[in-house]
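Please read it beside the sequence and the structure.

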Amino acid sequence: MLKQNKSERAVFATKFAAIATTVGSAVGLGNIWRFPYEAGIHGGGAFLICYMVFVFLIGVPVLYSEFFVGRSARANIFGAYKKLAPGGQWQLAGYIGILASLLILSFYSVVAGWTVEYCISSALGQLDFSDTETGHGQFLNLTTGWRPVIWTVVFLFCNFFILIRGVTKGIEKASNILMPILFLLLVAFCINSFTLPGFKDGVSFLFSPDFSAITPGVLLGAMGQAFFSLSLGLGCMMTYASYFNKKTKLGRTAVTTAVLDSLVAVLAGVIIFPAVFSFGISPEAGPTLVFEVLPYIFSQLPGGAIWSTLFFLLLFLASLTSTVSMSEIGITFFCEEKKMSRSKSTILVSLIGLVGGLLCALSFGVMSDVTIFGMTFFNLFDYLSSNICLPVGGMICSIFVGWMIDKKFVKDQFNRSMNDASLGVRILLLFFRWICPAAIFLIFLNSIGII
Ligand code: PHE
């Protein structure tokens, strides 16, 4: 789908390719695993409202700013800031992005490891969730202790294999076909939710917000989820935009990505919460919530093992495209900035991911008592990357485009998508300069109790 043009860098040949790639990066475990668990611990409806507001009020403009920087500079996050603002201080965003990508790679691999394990167990017909007690026992067996450690390593090995063999593009191509199938499966499971006894309770948990439940923690969590789900703040979207062609409409691509991404998250919520209430599981179960609930849904369906195998297989592939893209951030850094060979950089990033992944996997086993600031490694890595690094990275990008880039240039990029853009440009600049940075900053202050 990448086409080499005269200016030596490959570009996406079609509008569809640009959208498919950004949506492909955005949609993943973040929507299907992380959104329901975060919504579950943060009060359901209250969280959903905040999340939606953050996606469209902060996420879309920040996404636009990342697209803008990426397409203008046609380089990775380090190269982009270097090219557009020589001096170096803006590259801080690059370091934050690398840190975030390695932290995310670590805990993401554990969850992706669960998907591999569930896929294989379902295929072998070993997943029995026919009654709540056996189900719960099996779920604990699959997600805690030593087993997840092994599956984390297996998953990281798959990730390494793809990166080292340079077959990333093949995986992405396959996922362009497979992801729509995942979407259809989600729609089918969503329809199935209507038949569950807990449908009404689940839907009202998700869609009727209790505004008094909006606490600083909910706001920070929802902002982190918006950034995580849109793959924002770490340079991933910037790199993808470096392949956009001149005609790609940045605003439209950003809005389409945000709409489809949040649609998948809401679908996941409509699948999970009715089942949570039907099978008597606590919505506040945390990171393991979805893995406890889904098998119950499959066990109620005719041919459940087949559905389950297919679903976890597709989820595994969706995770793989995400981890491949986040590994690339570190790999290009070591290759281009530290002048390491590509294979050495790949080995280094994979080893860091392995150490981090083991710490996170063991958080559900022998290291469940080891906590820092009251969090296990898994929770800490998740919190630090999603709630801190990504919003800070996004804030830097927004300030950069708002204040450092010549207004004319912003207008020029914007004019490609609209005829008379002066009002549009002014609104956009208002977001880049003030609304996004201030909102992110205020939420940080709010979360540490200053306001
Ligand atoms: N957005 C991806 C998801 O929802 C996760 C991701 C984060 C991917 C950061 C790349 C970079 O699963």
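Which residues in α2 meet which residues in α3? Phe 35, Glu 38 and Ala 39 in α2 meet Phe 47, Leu 48 and Tyr 51 in α3, where contact means heavy atoms within 4.5 Å. By class, this contact of α2 with α3 has five nonpolar, no polar and one charged residues. Ala, Val, Leu, Ile, Met, Phe, Trp, Tyr, Cys and Pro count as nonpolar, Asp, Glu, Lys and Arg as charged, and the others, Gly among them, as polar.

The model is predicted, and local features need pLDDT of at least 70, side-chain atom pairs count only at pLDDT 80 or more, and totals for chains, interfaces and linings use all residues. Residues are numbered from 1 along each chain as its sequence is written, and side-chain values use heavy atoms, with hydrogens and water left out.

Helices (H or I, at least four residues) are DSSP runs numbered from the N terminus. Helix α2 spans residues 29-41 and helix α3 residues 45-73; their axes come within 7 Å and cross at roughly 125 degrees. Axes are lines fitted to C-alpha atoms, for helices over the stretch in contact, and angles run from 0 to 180 degrees between N-to-C directions. α2 and α3 are therefore oblique to each other; angles under 35 degrees count as roughly parallel, over 145 as roughly antiparallel, 65 to 115 as roughly perpendicular and the rest as oblique. The crossing of α2 and α3 is right-handed, the term for a near helix turned clockwise from the far one by less than a right angle.

The axes of α5 (residues 92-123) and α15 (residues 342-362) come within 8 Å and cross at roughly 55 degrees, so α5 and α15 are oblique to each other. Their crossing is right-handed. From α5, Leu 102, Leu 105, Ser 106, Phe 107 and Val 110 meet Val 349, Ile 352, Gly 353, Gly 356, Gly 357, Cys 360 and Ala 361 of α15. The contact of α5 with α15 has eight nonpolar, four polar and no charged residues.

**Cavities and a pocket**

On a 1 Å grid over the protein atoms alone, a cavity is a set of points where a 1.4 Å probe fits but cannot get out, and a pocket is an open set with protein on both sides within 12 Å along at least five of seven lines; lining residues have an atom within 4 Å of a point. Grid points are joined across faces, edges and corners, and a volume is the space filled by probe spheres set on the points.

The structure holds two cavities of 30 Å³ or more.

| Space | Volume |
|---|---|
| Largest cavity | about 160 Å³ |
| Second largest cavity | about 40 Å³ |
| Second largest pocket | about 360 Å³ |

Of the 18 residues lining the largest cavity, Ser 25, Tyr 108, Phe 228, Ser 231 and Met 326 are the closest to its centre. At least two lining residues each come from α1, α5, α10 (216-229) and α14 (304-337). The lining of the largest cavity has eleven nonpolar, seven polar and no charged residues.

Ile 32, Leu 186, Ala 268, Ile 271, Ile 272, Leu 294 and Phe 311 line the second largest cavity. α12 gives the most to this lining, with three residues.

The second largest pocket is lined by 15 residues, of which Val 23, Gly 24, Met 179, Pro 180 and Leu 260 are the closest to its centre. α8 gives the most to the lining of this pocket, with seven residues.
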